[in-house]
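Here are some notes to read alongside the model. Please keep the structure open while going through them.

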Amino acid sequence: MTGPGEAALYRLLAWLSPAYPVGAYTYSHGLETAVEDGAVRDRAGLVAYVAAVLGQGAGAVDGPLLAAAHRAATAGDDAALDAVAELAAAWRGTAETALETMAQGTAFVAVTAAAWPEPHFAALAARHPRRLAHPVAFGAAAAWQGVALRPALFGWLAAFAANLVSAGVRLVPLGQTDGQAATAALLPAVQGATETALLAGPDDLGTAAPVLDLFSMRHETQYTRLFRS
């Protein structure tokens, strides 16, 4: 028999698994252009790129959004949760990063509603059809399924980083051992992004990584592409 803590952990591990069908493997968050340009050419460059995404790029916004969604869902504040969902839908610097978060969010909503049905989550999805960013959908689902905020946030950011490392392994290319070494090296960046997100309020949201946005925008017209972003 499993206790409540194990059941919540089971849900979290399932949602973060590469097998969970959100399509994360199809996105590189501009990394494909960075590799094409020679800005990322080895393991150290990959670690630096992903750390920048976590600390100054999308991670600096998505982490606090996930935390805000979790808190609003826990409090039963639908108005606050809807405001977070609308903010997340608007807060994207490029067309491809918008596609990345909204498409994964839509996929997460569909599979989670089917495999882990929960009435509050179904109501949220109905209010925002195909318009829930991935961190918002994940944070709300975690709250309603008994997954505590810190592990949900840390796990989501870790999975985000791991997906970008996987893209880098294929693009640079790197070996699987180098990929795992990169993932290990990113632990402090994931921990830092988690702590920042837990302390951030609505007025603290923001990014400061214009080069990442430029890579993303240029990827839209890159001649040869393996990834959708």
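1. Is Asp62 buried or exposed? Asp62 is buried, since its relative accessible area is 4%; buried means under 20% relative accessible area, exposed means over 50%, and partly exposed lies in between, using a 1.4 Å probe and protein chains only. Before going further, note that this is a predicted model, in which local features need pLDDT of at least 70 and side-chain atom pairs count only at pLDDT 80 or more, while totals for chains, interfaces and linings use all residues. Residues are numbered from 1 along each chain as its sequence is written, and side-chain values use heavy atoms, with hydrogens and water left out.

2. The partner of Asp62 is Arg92, and their side chains form a salt bridge with an N to O distance of 2.7 Å. A salt bridge here is a side-chain nitrogen of Lys or Arg within 4 Å of a carboxyl oxygen of Asp or Glu. The two residues come from distant parts of the chain, 30 residues apart: Asp62 is in helix α4 (residues 58–75), and Arg92 is in the loop between α5 (78–90) and α6 (95–115). Helices (H or I, at least four residues) are DSSP runs, numbered from the N terminus. Arg92 also counts as buried, at 18% relative accessibility.

3. The structure holds 8 salt bridges. One of them joins Asp178 to Arg43, with the closest N and O atoms 2.8 Å apart. This pair links helix α10 (residues 176–185), which holds Asp178, to helix α3 (residues 43–55), which holds Arg43, across 135 residues. Asp178 is partly exposed at 30% relative accessibility, and Arg43 is partly exposed at 37%.

4. Glu195 and Arg150 form a salt bridge in which the closest N and O atoms are 2.6 Å apart. Glu195 belongs to helix α11 (residues 187–199) and Arg150 to helix α9 (residues 149–171), 45 residues apart. Glu195 is partly exposed, with a relative accessible area of 38%; Arg150 is partly exposed too, with 43%. Elsewhere, Asp78, Asp82 and Arg127 are linked in a network of salt bridges.

5. Which residues have the most contacts inside the largest nonpolar core? They are Leu31 and Phe108, in a core of 73 residues. α9 gives the most to this core, with 12 residues. A nonpolar core is a set of buried Ala, Val, Leu, Ile, Met, Phe, Trp, Tyr and Cys residues joined through side-chain atoms within 4.5 Å. In soluble globular proteins, nonpolar side chains tend to be buried together.

6. Leaving out residues up to four places away in sequence, Leu31 touches Val40, Leu46, Tyr49, Leu164, Ala167, Gly168 and Leu171 (contact means heavy atoms within 4.5 Å).

7. Leu46 and Leu164 also take part where α3 meets α9; among the other residues there are Val50 and Val53 in α3, and Phe160 and Val165 in α9. By class, this contact has 10 nonpolar, 1 polar and no charged residues. For these classes, Ala, Val, Leu, Ile, Met, Phe, Trp, Tyr, Cys and Pro count as nonpolar, Asp, Glu, Lys and Arg as charged, and the others, Gly among them, as polar.

8. His134 is in helix α8 (residues 134–144). His134 counts as buried, at 10% relative accessibility. Apart from neighbours within four places in sequence, His134 is in contact with Thr101, Gln104, Gly105, Phe108 and Trp156.
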